[in-house]
Amino acid sequence: MAWPFVASHPSRMKLAILSESPADEAALRVLVEFVLARPFETLPLSLRARGWPSVEQVLPPIVRHLHFQTDADGLVVVVDSDDSVVHTPAHEAPGYHHPFCRICRLRHAFRRTVRNLPPRRPPAAGAPPAGPGDARVLRAIGLAVPAIEAWYLCGRDTAITEAAWLEGQASGRPPYTRRELKWRVYGTDRPTLPFEVKRAVQEVSRHRGDVRRLEHDFPAGFGALARDLRAWEVG
Amino acid sequence: MIAAIEFRNFKALRSAAVKLEPFNLLVGPSGSGKTSLIQALLRLRALAGLPAEHVVGLPAAEAGAAQITFHFQPPYQELHVVLHCAADEIVCNRLAVEHPPGLEGERLWAELRARLLGIRAFLFDHYAMGVPPREAEDKELNSNAGNLAAVLAAWRTSAPAAYAHLEGDFRRIMPEFAGLDFRALAGDHVELVVRPADGSMPLSADVLSQGTLHLLAILALAHAPQPPTIVCLEEADRGTHPRMLREVRDALYRLSHPAASGEKRAPVQVIATTHSPYLLDLYKDHPEEVVLAHRRGRQAGFTRLAELPDVRELLKEAHLGDLWYSGLLGGVPEEPGEEPNIE
């Protein structure tokens, strides 16, 4: 068996989360469970990216590793949009790919990687029934606009939405900065890591399993993640 | 505390200036002036302990002689301190002070001088940290942290709250360890030992990894009950895994921005050097805290990252560390055959 050994609960999905920091990962674990509405397992594989554009560079080898070396059902990836193009419904048109949209680029990188992968090994005799990711690793990609702290403030500050950010991009007057978002969440733009993790989990836990507000206020970035996750049909 | 430093003929810093923030990360090739800047601060500390020349109007530099002028943040903005020497002297050994007239000026200088005596520079040496030191009397970390065991052992008794925070941070960052302990050895020496979380045999400092000892030394700086007024730390990334560099940054921010960590003490100005693009990456949101040291021919100088006109645009497309490595920002070694651009 390849390292790392994956000890799994047969009825739970096995996921890998690729994020920029332990704080992001802690928040995503909570949010993914809210969307899936069921517990899941994470692989004993600590994936981390150094932010954009590293995520795009490391995604193909990560997908290949998950495919060949693990029994992961899915991979969750969330990146900050920073000042890049925000994903919109127009980008969802069949065959469309916006060259500066990070969701479009990550989906493209994922698609290109899995396209030529051979099928995974068939389950051994007596193994539990095939899961959703047995043929290939599923993907769920989200975009935090402009940073994940905006998601943390969802429901606390009605002025912080994707629509407000898009309007600001169009007018050339951003409604807030990443630094301001940090101040609002942490009370400083230099939070310690443990405090960042604590605040991240506190804020996303406020939604208590109901992510409709997040999907309403962040329809493209969080909505895309939620739609991807719900599309994973559990076997 | 120090707002800016101007250099004239000080080693490779022939005509250079640098503005300083509460936190400063210096990057650049060897010989670009990073260590010279720290040496200038140490010289300032040394001379601040001696009688100074009180002047009206800053002394003019002798032709070819080294001169270093220090400017300060409020409330010391009216004071200017100059280290200087004659043209035939190698080391700046004269200190001139210009301060406002009268008792108030003298009081400000006395206060500033006391703070300048608190400047400390560190270059941690894990071999030195592995040798049991004598029990500490001054409870202050040496420049190579060779007395780490003695300092921590002393703090455990004299500053239990600071010690508890330090040990708590150590356990959180390195969960394979359950805590620290100390063994008294012959001749008043004390040995640092670390208790593994799995209950196995405690490990003495001489068998700990370089990274573990460096982390402990950085935590000792960050949690010092009476920290220096200015901390200069060379090779801040030394022995540290790239993913753990965030902890190094947080520890140094604890000094320079104590309120961000919930502390109420006075800020410590921090000047750290690194060659790690990964550590540099962590400052993309604070370009004002990054100083690029560069060298062309025999001249060295400094540029603040925030002063580069297109830095925000460049950061949209690439990591700060990668931009630095690429040479777009400067602060990289000269290539063989490159024409020195001496102005």
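In what order do the strands of the open sheet of four strands in chain A stand, and with what pairing? The order is E2-E1-E3-E4, with parallel pairing. The model is predicted: local features need pLDDT of at least 70 and side-chain atom pairs count only at pLDDT 80 or more, while totals for chains, interfaces and linings use all residues. Residues are numbered from 1 along each chain as its sequence is written, and chains are lettered from A and ligands numbered from 1 in the order in which they are written.

**Figure 1. The parallel sheet of chain A.** Strands (E, at least two residues) and helices (H or I, at least four) are DSSP runs, numbered from the N terminus; two strands pair if DSSP finds at least two bridges between them. At the edges stand strand E2 (41–42) and strand E4 (138–144) of chain A, each with a single partner strand, so one side of each is left without a neighbour in the sheet. Strand E1 (residues 14–18) and strand E3 (residues 74–80) of chain A run parallel and are joined by four bridges.

**Figure 2. Chain B as a whole.** Chain B holds ten helices and 15 strands. Its C-alpha trace spans about 65 × 55 × 40 Å along the principal axes. Mean pLDDT (the predictor's confidence in each residue, from 0 to 100) is 92 for chain B, and 96% of its residues reach 70 or more. The model has ipTM 0.86 and pTM 0.90.

**Figure 3. The mixed sheet of chain B.** Six strands form an open sheet in the order E2-E1-E5-E6-E7-E4. Strand E2 (13–19) and strand E4 (53–54) of chain B are its edge strands, each pairing on one side only. Strand E1 (residues 2–10) and strand E5 (residues 67–72) of chain B run antiparallel, with six bridges between them. Arg8(B) has Gln67(B) as its bridge partner in E5(B).

**Figure 4. Helix H5 of chain B and its buried face.** H5(B) (residues 160–173) has 14 residues and reaches 20 Å from first to last C-alpha, close to the 20 Å expected at 1.5 Å a residue (1.5 Å times one less than the number of residues). A residue is buried if 20 or more other C-beta atoms, placed from the backbone, lie within 10 Å of its own, exposed if 12 or fewer, and partly exposed in between. Buried in H5(B) are Tyr163(B), Leu166(B), Glu167(B), Asp169(B), Phe170(B) and Ile173(B). Down the helix axis these residues fall within an arc of 160° (from the directions of the axis to the C-beta atoms), so they line one face of H5(B). The face turned away from this buried side carries the exposed residues Pro160(B), Ala161(B) and Arg172(B).

**Figure 5. The hairpin of E14(B) and E15(B).** Strand E14 (residues 290–296) and strand E15 (residues 299–304) of chain B pair in the antiparallel sense over six bridges. Arg304(B) in E15(B) is the bridge partner of Val291(B). Two residues lie between the strands, and Gly297(B) takes a positive phi near 65°.
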